[in-house]
Amino acid sequence: MEKQTAVSGIQASGKLHIGNYIGAIKQFVELQDKYKMFAFVADLHAITVPQDPQELRKNTLDAAAIYLACELDPKKATLFIQSHIQEHVELGWILNTMTPLGELERMTQFKEKKESQGQKQGVHAGLLNYPTLMAADILIYRPDTVPVGEDQLQHLELTRTLARKFNSRFGETFKEPRALLKKEGAKIMGLDDPSKKMSKSSLNPNNYIELLDQEAEIRRKIQIAVTDSGKEIKFNPEEKPAVSNLLTIFSLMSGKEIKTLEKEYGGKNYAEFKKDLGNLLIEKLTPIQIAYKKIIKDEKKLLKILADGAKSARAIAQETMKEVKTKIGLL
Ligand code: TYM
């Protein structure tokens, strides 16, 4: 039977954190054996807010190196940089012409970024059109599924709407892809505030643990992570949101069930639990960091992997675009 296709990306903006790992990258790695997996670094999405050119370049290479360090295997998955496939932008434009302005203005991420960016550098059209480029990133590979964290669900819903719209106007062209969310871990919360998601745009660096954070930093951040009232280590997101978030992280990074952890830590205090969580994160992130350092040193090899990935992705993207252009009457 033909393998199903999965597509997803991460932005090349700032540092990647354990929320990105648990909600997204870890899933990509799990999918690469069963699916035709396309994983990319969304550099064009990163520039929807102003970026320093040197930093953008570094963040893009870093994100690609982290994919590889997390054991995304370029022999199994297609790994590439979004801007290397110009067809994404081409399809993005076409989808823009079919997207009501109101739908883009209603997007939660747009509203949030408009708020935070607007005060700093003003809001540009790219930020508003972010979701149509994302829809193009996805639809162009006609995937069955898109592994993402919960914060991307609204964008995926728009992607499905656009696929339906295109198909009903121009004939069956795109698949309506399903979102693939982890039952737990689709929304890892901030360590400093369990009511908000862990996010690279947080102004407080104690909100997240970066995949490349040093040992002492990891220990410190876990130690000062907020907890809830009471002493019990129990999973109860309503009454104990902070501890439940830490339990989720512990469970997904160790592979142990939350119930098992609750039993293990029954009668123990927060300090013991946090100490073990810090050790666990160090144990899991150290091999990723070692691999990352090796990969990032050999830029030539990394660029070759990305060029090979782009070549495979481009072939499919070009085929889709040919069909799309013919269907809408472009010469
Ligand atoms: P980005 O770069 O913000 O995040 C990358 C992935 O990490 C997930 N994620 C989380 N998961 C769990 N808990 C969290 N706290 C958390 N924070 C982030 C995100 O849901 C995402 O899956 N627009 C996308 C990038 C993108 C894309 C695409 C994704 C561009 N084109 C096409 C899928 C398909 C973004 O900004 O993700």
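Which residues form one aromatic cluster? In this predicted model, where local features need pLDDT of at least 70, side-chain atom pairs count only at pLDDT 80 or more, and totals for chains, interfaces and linings use all residues, the cluster is formed by Phe38, Phe40, Phe80 and Tyr141. Residues are numbered from 1 along each chain as its sequence is written, and side-chain values use heavy atoms, with hydrogens and water left out.

Aromatic rings make a friendly place to start. A pair of aromatic rings is described by the distance of the centres and the angle of the planes. Rings of Phe, Tyr and Trp (for Trp, its six-membered ring) are paired if their centres lie within 6.5 Å; planes under 30 degrees apart count as stacked, over 60 as edge-to-face and the rest as tilted. By this rule there are nine aromatic pairs. Take Phe166 and Phe170: their ring centres are 4.8 Å apart and their planes stand at 50 degrees, so this pair is tilted. Both residues belong to helix 9, residues 153–170, and are four residues apart, about one turn of the helix. Helices (H or I, at least four residues) and strands (E, at least two) are DSSP runs, numbered from the N terminus.

The two rings can also be described by their cover. Buried means under 20% relative accessible area, exposed over 50%, and partly exposed in between, with a 1.4 Å probe and protein chains only. Phe166 has a relative accessibility of 0% and therefore counts as buried, whereas Phe170, at 24%, counts as partly exposed. Another ring, that of Tyr265, has Lys268 over its face, 5.4 Å from the ring centre. A charge sits over a ring if NZ of Lys or CZ of Arg is within 6 Å of the ring centre and within 35 degrees of the ring normal.

Next comes the ligand. The ligand is surrounded by 27 residues, and the closest are Gln11, Tyr130, Asp137, Asp151 and Ile188. Here a residue is near a molecule or strand if one of its heavy atoms lies within 4 Å of it. By class, the shell around the ligand holds 12 nonpolar, 11 polar and four charged residues. Ala, Val, Leu, Ile, Met, Phe, Trp, Tyr, Cys and Pro count as nonpolar, Asp, Glu, Lys and Arg as charged, and the others, Gly among them, as polar. At least two residues of the shell come from each of strand 1 (5–11), helix 1 (18–31), strand 2 (36–42) and helix 8 (130–139).

Tyr130 has a polar side-chain atom 2.6 Å from a nitrogen atom of the ligand, and an N or O atom in the side chain of Asp137 is 2.7 Å from a nitrogen atom of the ligand. For Lys200, a polar side-chain atom lies 3.1 Å from an oxygen atom of the ligand. The ligand on its own has 700 Å² of accessible area, and the protein covers 97% of this. Accessible areas come from the Shrake-Rupley method with a 1.4 Å probe; for residues, only the protein chains shown count as cover.

Polar contacts also occur within the protein. A polar contact is a pair of N or O atoms within 3.5 Å; within protein, one must be able to donate a hydrogen and the other to accept it, and residues adjacent in sequence count only if both atoms are side-chain atoms. Lys221 lies in helix 10 and is buried, with a relative accessible area of 2%. The Lys221 side chain makes a polar contact with the side chain of Asp213 at 2.8 Å and reaches the backbone oxygen of Tyr208 at 3.0 Å. Thr173, in the loop between helix 9 and strand 5, is buried at 6%, and the side chains of Thr173 and Lys327 make a polar contact of 3.0 Å. Ser201, by contrast, is exposed at 57%, and its side chain makes a polar contact with that of Ser199 (2.9 Å).

Finally, the backbone deserves a look. Most residues other than glycine have a negative phi, and most peptide bonds are trans. Glu71, which is not a glycine, has a positive phi near 80 degrees; this residue is found in the loop between helix 3 (53–69) and strand 3 (78–81) and counts as exposed at 59% relative accessibility. Arg142 also has a positive phi, about 45 degrees, and sits in the loop between helix 8 and strand 4 (145–147).
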